Amino acid sequence: MSCLSLQGVGFHFPDDDRPILKDIGFELCEGDRLTLLGPSGSGKSTILRLIVRLDEATEGTIRTGDQSIDDLPVGELRQRLALVPQEPTLLGLSVRENLELAAELHDIGDGDTPDLEGLLQQVDLAPDIIDRGPRELSVGQKQRVTLARALVARPTALLLDEPTSALDPGSQASVAELLDRVADETGTAVLAVTHSPEFARTLGGRGIFLRQGRIEDCGDMDELLDRDGGSPIRRFLNGELRESS
Amino acid sequence: MQDAASYIQLDWASMTAGAALIVLTIGISFWRGLGEEKDLTIAAIRCTVQLLVMGLVLRYLFDLEEWYLVLPLVLLMIAIASWESYQRVKKPVRGTLWVIGVCVFIATGLSVSYLTQVVIRVETWYDPQYLIPLAGMILGQAVNGAAISAERLTGAIRDNVGDIEAYLAMGAPPRRACRKHLRDAVHAGLIPTVSAMMVAGIVKLPGMMTGQILAGADPFDATLYQIVIYFALTFMAGITAMMVVEILYRRFFVGDIRLRREAL
């Protein structure tokens with residue numbers, strides 16, 4: 001059974017009928033990797049927001065397991081499908097407090113206390129940073145802490161919004177490798193939004209190319225990234241397609 | 001507590017001499033080119049007219065002592081105080097005026113009833129000699145509590161959308177996502193009252209106490225009144241701020257689910 005499926009999903013703002021997203025559909029199963037690529041403003045991040053109901057889809061259905069997301073208590077939905085926001089915000093708390101906060105919010109009780117140091121190792125962070133505050137961490141470290149925080153609740157899918165936007169190319173590849181490993185080890189599906197073809201290629205799996213709120217192309221990531229000169233995704237990768245208006 | 005002989009009544013000569021002070025201030029501003037003349041003149045005229053009207057209304061009400069005249073005046077004072085608070089909130093979210101109005105109304109009702117019935121124990125519940133001055137003082141504090149806390153909360157939510165959504169994305173309910181901002185807003189609403197209590201009797205003599213002493217009351221009696229009034233003002237500012245933030249933050253959310261885009 002798919003852990004996440006979207007069918008005919010559309011979205012427009014309450015005071016504006018112009019569609020931000022139109023007829024979006026895809027499916028994600030255990031351990032899958034799916035990357036959403038496209039110019040800024042193409043609606044990639046909005047898809048993630050609709051899945052966890054930070055915005056409400058105006059058309060179509062989104063399901064997790066055999067349930068519509070509207071029928072699930074919102075806390076449970078956000079435990080199953082963990083969103084990692086673009087800005088790696090640590091909420092002014094130390095690494096330990098962040099991980100404990102996630103455990104508290106997801107009601108992970110004493111009998112099932114997560115192994116915090118193990119979580120840090122899982123995201124390639126040294127356990128001795130556990131008592132550091134946000135100001136004592138680099139952007140890359142913060143990114144990994146937000147990832148570890150999302151993993152506390154053992155979600156069925158990780159939704160990552162531009163996870164490498166603040167990182168150099170070397171770090172981008174290592175985050176993609178890390179996600180690939182997490183997906184293999186835990187069976188967690190990975191849905192990532194990115195601008196970076198290097199990240200997308202390293203993560204592998206499937207890809208969707210979005211433009212002006214619509215799916216323009218999809219397929220295996222390697223095939224998608226190797227499309228020939230006339231295709232929209234090739235033009236995007238060559239820098240010929242700019243921000244959607 | 002006082003009689004006509006225990007204080008010196010002001011006559012026209014006294015009032016003219018008093019007015020000379022504001023005229024002098026305006027004159028100095030003009031002489032030094034400070035440009036404050038217009039504001040000072042308008043404020044002085046407004047203050048004089050408003051207070052004279054209030055004085056005449058109070059004299060009339062004190063003579064009649066009818067609840068159906070006293071109560072509408074208190075309601076009008078509550079409405080003006082709520083409007084004044086609302087005006088001080090920059091870019092208020094929809095519904096802020098109602099939230100402030102209801103909270104100020106409830107807090108004033110509670111405070112004034114408690115003061116007149118339990119603390120001072122007036123014989124007639126609507127006795128205008130007590131009800132109106134007490135409501136006036138207490139409302140002044142409610143304006144502060146409501147305006148400062150509403151303004152602080154509104155700004156904090158809009159400035160911290162990323163953090164609030166990070167909390168929501170972790171499954172936190174809206175109140176948990178805003179907890180820090182709710183606390184900060186109530187704290188800010190209480191600062192003027194707490195500061196005033198800290199310096200009471202040291203840096204300045206409070207207005208009500210000074211007024212009673214000038215009117216011939218025993219200074220110790222005036223002090224007891226002032227202490228009770230401070231406690232009531234703190235209750236008023238605190239309860240208004242707490243109610244305002246508890247109701248207002250919900251205006252920024254759609255149920256327990258997400259931030260309301262239109263409110264941001």
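A salt bridge here is a side-chain nitrogen of Lys or Arg within 4 Å of a carboxyl oxygen of Asp or Glu. This is a predicted model: local features need pLDDT of at least 70, side-chain atom pairs count only at pLDDT 80 or more, and totals for chains, interfaces and linings use all residues. Side-chain values use heavy atoms, without hydrogens and water, residues are numbered from 1 along each chain as its sequence is written, and chains are lettered from A, ligands numbered from 1, in the order in which they are written.

By this rule there are 26 salt bridges over all chains. One of them joins the side chains of Asp184(A) and Arg33(A), at 2.8 Å from N to O. This pair links distant parts of the chain, 151 residues apart: Asp184(A) is in helix α6 (residues 169-186) of chain A, Arg33(A) in strand β3 (residues 33-37) of chain A. Helices (H or I, at least four residues) and strands (E, at least two) are DSSP runs, numbered from the N terminus. Asp184(A) counts as exposed, at 55% relative accessibility. Arg33(A) counts as buried, at 13%. Buried means under 20% relative accessible area, exposed over 50%, and partly exposed in between (1.4 Å probe, protein chains only).

## A second pair on α6(A)

Arg181(A) and Asp124(A) also meet through their side chains in a salt bridge, at 3.2 Å from N to O. Arg181(A) lies in helix α6 of chain A, and Asp124(A) in the loop between α4 (116-122) and α5 of chain A, 57 residues apart. Arg181(A) is partly exposed, at 30%. Asp124(A) is partly exposed too, at 43%.

## A buried valine

Val145(A) sits in helix α5 (residues 139-151) of chain A. Its relative accessibility is 0%, so Val145(A) counts as buried. Leaving out residues up to four places away in sequence, Val145(A) touches Leu90(A), Val95(A), Asn98(A), Leu99(A), Leu125(A), Ile129(A) and Leu137(A). Contact means heavy atoms within 4.5 Å.

## Helix packing in chain B

Helix α5 (residues 128-159) and helix α8 (residues 179-199) of chain B pack at about 150°, with axes 8 Å apart. Axes are lines fitted to C-alpha atoms, for helices over the stretch in contact, and angles run from 0 to 180 degrees between N-to-C directions. The two helices are therefore roughly antiparallel, a label for angles over 145 degrees.

Key. Angles under 35 degrees count as roughly parallel, over 145 as roughly antiparallel, 65 to 115 as roughly perpendicular and the rest as oblique.
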